[in-house]
Amino acid sequence: MGKTLIYAHRGASKLAPENTMNAFELAAAAGADGIETDVQLTKDQIPVLIHDENLRRTTNGTGFVQDYTYSELRLLDAGSWFNPKFSDSSIVSLDEFLLWFRDQPMFLNAELKTNVIEYKDIEAIVYESLKSRGVLDRTVISSFNSNSITRLKEINPSIKTAFLTSTKIRNLPVYAKSIGADALHVKHRLLDKKLVKKCRKERLDLRIYTVNRLSMMKKCFKLEIDGLITDVPHQAMEFRSLS
């Protein structure tokens with residue numbers, strides 16, 4: 001096994017507003033191996049990078065992402081909630097992000113936010129964007145919704161997928177494999193040697209979220225998991241180099 005890869009959770013989200021270009025650029029500057037980001041659909045079916053279905057927490061807008069067009073969302077301030085110096089930050093479309101990302105020597109974890117709202121055709125729309133930008137070979141698409149995993153595999157059986165969960169499910173790796181997942185992304189408290197062993201047996205990649213404490217990073221590196229997802233990629237990169 002190789003080294004545990006470090007994915008920046010919504011970018012370097014402890015240093016800049018999550019899922020904005022500022023956060024993604026800081027993650028790249030820190031030398032992160034990959035970026036994790038969240039994808040939802042606008043009213044006009046444009047994939048945008050935002051975690052919450054509702055705009056309230058991370059913008060100066062109200063209501064749901066799905067009720068606005070992309071051009072309307074672009075007008076919102078997506079940075080001042082974090083720090084006033086980021087007031088010029090806006091919601092990023094997947095395509096805008098990929099124009100930047102395709103030239104970065106990084107991996108991508110695109111999480112489809114379909115566990116609350118099952119956006120119609122989001123799997124096909126996101127797949128086509130990734131394909132057109134030539135980044136499919138270094139992308140894993142994850143979701144808490146098993147239906148999204150199944151739909152992606154119907155579109156292209158070779159697309160890398162990951163089942164996301166924070167719940168302890170019996171025979172979790174076997175279940176993930178049964179729905180067509182290539183990887184398992186689990187909350188850090190579920191990580192133990194037994195899970196690592198079962199994932200290897202099922203030939204599933206294992207990535208852990210959201211790993212911000214040094215003690216948990218140490219555990220991930222010691223167990224040689226495939227990847228960890230962190231808000232502090234700059235600290236994780238430094239700690240890995242010392243491990």
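Modeller: What follows is a set of labels, each set against its cut-off. Keep in mind that this is a predicted model.

Biologist: Start with Arg10. Why is Arg10 called buried?

Modeller: Its relative accessibility is 13%. Buried means under 20%. So Arg10 counts as buried.

Biologist: Where is Arg10 found?

Modeller: In the loop between β1 (5–9) and α1 (21–29). Its phi is also positive, near 60°, and Arg10 is not a glycine.

Biologist: Why is Glu224 called partly exposed?

Modeller: Its relative accessibility is 38%.

Biologist: Now the strands. Why is β2 called largely enclosed?

Modeller: Strand β2 covers residues 34–41, and eight of its eight residues are buried. So the rest of the structure largely encloses β2.

Biologist: Which residues point which way from β2?

Modeller: Gly34, Glu36, Asp38 and Gln40 point one way. Ile35, Thr37, Val39 and Leu41 point the other way. Both sets are buried. In a regular strand, side chains alternate between the two faces of the sheet.

Biologist: How do you know that β1 and β2 pair?

Modeller: Pairing takes at least two bridges. Three bridges join β1 to β2, and the two run parallel. The bridge partner of His9 in β2 is Glu36. With α1, these two strands make a right-handed β-α-β unit.

Biologist: What makes β5 a partner of β2?

Modeller: Six bridges, in the parallel sense, between β2 and β5 (residues 107–112). Asp38 stands opposite Glu111 there.

Biologist: And what makes β3 a partner?

Modeller: Three bridges join β2 to β3 (residues 47–49), and this pair runs antiparallel. Gln40 stands opposite Val48 in β3. The two strands form a hairpin with five residues between them. In the turn, Gln45 has a positive phi of about 60°.

Biologist: On to the cysteines. How many disulfides are there?

Modeller: The count is zero.

Biologist: Last, helix α9. Which residues of α9 are buried?

Modeller: In α9 (residues 233–242), Pro233, Ala236, Met237, Phe239 and Arg240 are buried.

Biologist: How do you know that they line one face?

Modeller: Look down the axis of α9: the buried residues fall within an arc of 165°. They therefore line one face of the helix. Glu238, Ser241 and Leu242, on the other side, are exposed.

Biologist: What covers the buried residues of α9?

Modeller: The cover includes β1, α1, α8 and β10.

Conventions
Residues numbered from 1 in each chain as written. Predicted model: local features only at pLDDT ≥ 70, side-chain atom pairs only at ≥ 80, totals over all residues. Heavy atoms only, no water. Helix = DSSP H or I, 4+ residues; strand = E, 2+ residues; numbered from the N terminus. Buried < 20%, exposed > 50% of the residue type's maximum accessible area, 1.4 Å probe, protein only. Right-handed = clockwise from strand over helix to strand, strands pointing away. Disulfide = S-S within 2.5 Å. Arc of directions from axis to C-beta. Contact = heavy atoms within 4.5 Å.
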